Amino acid sequence: MTVTANVIEAVHEDLVSMIRRTKAMPILVRLAWHDCGDYDARLGTGGANGSIRFEKEMQHGGNAGLPGALNLLKPIKEKHPGIGWADLIQYASVLSIEVAGGPKIPLKFGRIDAQSENDVPPEGRLPGGGPPFHKAEGEHPNAPADDPDSAPAHLRRVFYRMGFNDQEIVALSGAHTIGRAFKFRSGFGAGEEGTKFTNRVQGVTKGGSSWTEEWLKFDNTYYTILIDPNADPELLKLPTDKALMEDPEFNKYVQVYAKDQNKFFEDYIKAHLKLSELGAKWDPPGGFRP
Ligand code: HEM
């Protein structure tokens, strides 16, 4: 079954209205990133194949909270069987970024779905937010040596394995301009009590800590807050976020994106498209843009 431009148009309408109604932009972006982020470029396993819909992958510790995002997509998938899971998950993510005021990302379609739990890669490929950092499963030969305390080394081990470079690591981390971390999911951020920034949005899951004040708006404030030593202490900075400031090579790009939102958007689009295509196999071959 090849997805058609007509199906994509109909799905667009349903996704945008669901996203506006639920304000679930952050968790939909996270769902899509976790579907891709288990890619191993050398082994050619994992990637944007919809395998996150399988219980076996959902149960990986790093995916806590994501079943809720998948449930939002299930009725849309049932109504539009002509779009595959992998495409639907990635489409929900780019439309979420657009609804949140971020750039329009020209997604390619036609990903072939993983067919069974046998396609679920081993747990441990996603990055951790703080020490002790796990040894990233399936590491890249050029990645720095394993160091359970070093956040920059951990980020490089995980993202080099997917085929990304330092600039792309910094650009992709900018997705934390939206969303929250919850103590009861990842162990980071506030619990149900929330913060003055997370509590002021009604009609969403209660609590958590956000990286930015306007955490449903996609802009470059992730970086402006990162470089601000007087940032409100209720805003979240994970050890892996701080690593982008502390490591000189990462820091160069943080400075650029903090000053120039257009440059951030331009680089974010490219890095996000690459992320959304990791390991994908396509029907029609090479995929297509409607
Ligand atoms: C650089 C390494 C990364 C680490 C260590 C990391 C870690 C985390 C953690 C711990 C959370 C909180 C989850 C929770 O408690 O529910 C989170 C949330 C989030 N992450 Fe990341 N992340 C990384 C990269 C990315 C990337 C590349 C993207 C997308 C391109 C992304 C998008 C998000 C979003 C949108 C949320 C908010 C989800 C929500 O509000 O429910 N992250 N991340």
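**View 1. Proline 284 is placed in the segment after H11.** Helices (H or I, at least four residues) and strands (E, at least two) are DSSP runs, numbered from the N terminus. Aspartate 283 is joined to proline 284 by a cis peptide bond, with omega of about 5°. The model is predicted, and local features need pLDDT of at least 70, side-chain atom pairs count only at pLDDT 80 or more, and totals for chains, interfaces and linings use all residues. Residues are numbered from 1 along each chain as its sequence is written, and side-chain values use heavy atoms, with hydrogens and water left out.

**View 2. A cis peptide bond joins proline 131 and proline 132.** Omega of this bond is about -5°. Proline 132 belongs to the loop between helix H5 (85–99) and helix H6 (151–162). Most peptide bonds are trans.

View 3. The domain assignment, which is automatic or from a database, gives domain 1 as 5–122 + 272–276 and domain 2 as 151–270. Their centres, taken over C-alpha atoms, are separated by 21 Å. Contact (heavy atoms within 4.5 Å) involves 26 residues of domain 1 and 22 residues of domain 2.

**View 4. Lysine 274 and glutamate 168 form a salt bridge.** Their closest N and O atoms are 3.1 Å apart. The rule (a side-chain nitrogen of Lys or Arg within 4 Å of a carboxyl oxygen of Asp or Glu) finds one salt bridge across the interface of domain 1 and domain 2. Helix H2 (25–36) and helix H11 (261–276) are the elements that give two or more residues to the side of domain 1 that touches domain 2. On that side, H2 gives the most, with five residues.

**View 5. Lysine 23 has a positive phi, near 55°.** This residue lies in the loop between helix H1 (5–22) and H2. Most residues other than glycine have a negative phi.

**View 6. His176 is the only protein donor of the iron atom of the ligand.** The donor atom NE2 lies at 2.1 Å. Donors are N, O and S atoms within 2.8 Å of the metal (3.2 Å for Na, K and Ca); water is not among the atoms, so sites may look incomplete. Histidine 176 is located in the loop between helix H7 (166–173) and strand S1 (180–181).
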